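Dear colleague,

Please find below the structure that I am handing over to you. My findings follow directly after it.

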Amino acid sequence: MSAAKVTAESLLLAGRGVRRFLRSPQQLVHTLVMPLILLFTMLTVFGGIVAGAGGGPYVARLAPAVVMFGAASGSVLTGVGFYLDLNTGLYDRFRTMPISRASPLVGRVLSDLARVLLTAVASAAAAHLAGFRFERGPLAALAFFGVVLAFGSIFMWIALVIALTVRKVEAIGMLLTAPSTLLLFFSSGFAPKDAFPGFLQPLVGANPLSSAADAAIGLSSVGHPVAGPVTAILCWAFAVTVVAVPLAVRLYRRRDLATLG
Amino acid sequence: MSVGAGPVPAAVLAEGGAASLLRQSALLAGRNLRVALSVPTVVGMVVSPLLFYFGFLAVFRKMFQAHGIDFGQYLPPAIVVMWATFTAVSAAVLLSRDRRGGMVARLRSMPVHGGAVVTARLASDGVRALISVCAVVAAAHLTGFRFATGPLGAVAFVLLALAFLLVLALGTGAAGLASSQPETVGSTLHMPAMPLLMLSTAFAPASSFPAWVRPVVELSPVSAVVDALRAVADGTGVAGAVLRACVWLAVLLVVFSRAATRAYRRAT
């Protein structure tokens, strides 16, 4: 089984994943419209209250947070999509065909990272209308989306592990939505760390969504730190990858053995 | 005369009369609550509203303080109204699921009162919302939320919140009965729910909004209900605020109950 063959097959299956996403109104609404509603309503409701407290316009803080939250909550689609592929016979069908075992998993990872990137670009473009700007130039903007991918991959791998573990499809949404909402609130995404009560500040500082949002704020707006939060989110992504990737691969292979009996 | 699991007294099965409506609704409401007694729904009823309460409080308390607003007193009515709205949306999803699963059609083929399905739905959602409201008020008490009006004010607060839920659930219920695709019902109703909630005085006073949305915020029925809940809790300007909320609820009740009746007649 050559690497070239796996690559070709994975890209083919990744293309399927991206096409399915683009042709599903429900998924498009979930990943494109909901973050924008969140952005514009938060901006309208709290813009007046927050103005001045964090330095700079509120959208400079809120837009990166909403982009990160979109990447986190979009992982529900990864989990549900992978679960359905596994449990409605598609992967069984693949196994009867002369394709690599690895290709469906790699294809899923590629298509879902593409989706994370696509939705991040769309959200950032919409935030532009509300005054969000990449003040640090094109290279920093690229790094901004790199941070989104690193943060999105954390949730994507967790979603894949969950999809391989749960028995009921309903559990996936709950297991992913509640933690990502919790992370969003107790992060520096809606308000800077100093605005939180003292005893919560260490928690807010340790939150990976804070690191991701701070890194993205630093990479888009002048006058915010970059190196610290970027390092923190890369460490988070590395740590989760080291644990979740082997786990997902193991669960995926064990599933093969179990069904083949 | 036996249905499924056990014999049902003949008196329960009648299509007319207030007594049979009451008994059948109670029976079906019990069934609805048992269906809802799973881990995800309990999380949705109690854990999620508390999460939102403490989340918003942690993020914005200091900033509201700078504007002279005690957010611990300001926020609980917002979370109560937010949860009433989410409960109403889930009522629509559950009704739609009953329609798809054939439950509605089955009940219509039986000698069951025409109003029982919707009444039972409202009754069980009232219970679910009551649990959420009590959880939020209890948690809010820990962070400084007080009824200046005493126990009577607390009762009025809960009743007003339930009235809002029941009226809203009639409207969403009509949407739920009109479609046999629960997923579509859920995502379609969730989308307008969020701006409707946020573009009101629920989370921030009208004066802090940009001038162009202020008229929307001031006119919103959500604002009317939230302002009345706040007035009842704070004991200031109660009569006017409650009257305004009641007028809004009465208007919506007329519109939504007609929609719900029509949707139920058409549902198959």
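Among contacts in chain B of this predicted model between residues at least 6 apart in sequence, 77% join residues that are at least 24 apart. Buried residues account for 44% of the 268 residues in this chain. The C-alpha atoms of chain B occupy a box of roughly 65 × 35 × 35 Å along the principal axes. The radius of gyration of chain B is 20 Å, which agrees with a compact globule, because 268 residues packed in that way would give a value near 18 Å.

Chain B contains 11 helices and 2 strands. Read from the N terminus, the order is β-β-α-α-α-α-α-α-α-α-α-α-α.

Confidence should be kept in mind when you inspect this chain. The mean pLDDT of chain B is 88, and 94% of the residues score at least 70. Among its elements, helix α10 (residues 221-234) of chain B has the highest mean pLDDT, 95, whereas strand β1 (residues 2-3) of chain B has the lowest, 42. Where pLDDT is low, the predicted coordinates should not be read in detail. For the complex, the predictor gives an ipTM of 0.79 and a pTM of 0.84.

One loop position in chain B may be of use for orientation. B:Gly114 sits in the loop between α5 (103-109) and α6 (116-142) of chain B. Is this residue buried or partly exposed? B:Gly114 counts as partly exposed because it has 15 C-beta neighbours inside 10 Å, and a buried residue would need 20 or more. B:Gly114 and B:Leu57 are separated by 57 residues in sequence and, C-alpha to C-alpha, by 44 Å in space.

I turn now to the contact between the chains. Chain A contributes 24 residues to the contact and chain B contributes 24 residues. On the side of chain A that touches chain B, α2 (25-50) and α8 (169-185) of chain A each supply at least two residues. Of the elements there, α2(A) gives the most, with 11 residues. By class, this side of chain A has 18 nonpolar, 5 polar and 1 charged residues.

The buried residues of α8(A) are A:Ile172, A:Leu176, A:Ser180, A:Leu183, A:Leu184 and A:Phe185. Within chain A, the buried residues of α8(A) pack against α3 (58-73), α4 (75-87), α7 and α10 (208-220); they also pack against α2 (39-66) of chain B.

Which residues touch the most other members of the largest nonpolar core? They are A:Met68, A:Val147 and B:Val81, in a core of 156 residues. Helix α7 (residues 137-165) of chain A provides the largest share of this core, 16 residues. Leaving aside residues up to four places away in sequence, A:Met68 touches A:Val148, A:Phe151, A:Gly189, A:Leu209, A:Ala212, A:Ala213 and A:Ala216.

Finally, helix α6 (residues 102-129) of chain A has 28 residues and reaches 42 Å from its first C-alpha to its last, close to the 40 Å expected at 1.5 Å a residue. Just after α6(A), A:Gly131 adopts a positive phi of about 105 degrees.

With kind regards

Conventions: Residues are numbered from 1 along each chain as its sequence is written. Chains are lettered from A and ligands numbered from 1 in the order in which they are written. This is a predicted model: local features need pLDDT of at least 70, side-chain atom pairs count only at pLDDT 80 or more; totals for chains, interfaces and linings use all residues. Helices (H or I, at least four residues) and strands (E, at least two) are DSSP runs, numbered from the N terminus. The expected span of a helix is 1.5 Å times one less than its number of residues. A nonpolar core is a set of buried Ala, Val, Leu, Ile, Met, Phe, Trp, Tyr and Cys residues joined through C-beta atoms within 7 Å. A residue is buried if 20 or more other C-beta atoms lie within 10 Å of its own, exposed if 12 or fewer, and partly exposed in between; C-beta atoms are placed from the backbone. Two residues are in contact if their C-beta atoms, placed from the backbone, lie within 7 Å. The radius of gyration is taken over C-alpha atoms; the globule rule is 2.2 Å times the number of residues to the power 0.38. Ala, Val, Leu, Ile, Met, Phe, Trp, Tyr, Cys and Pro count as nonpolar, Asp, Glu, Lys and Arg as charged, and the others, Gly among them, as polar. pLDDT is the predictor's confidence in each residue, from 0 to 100.
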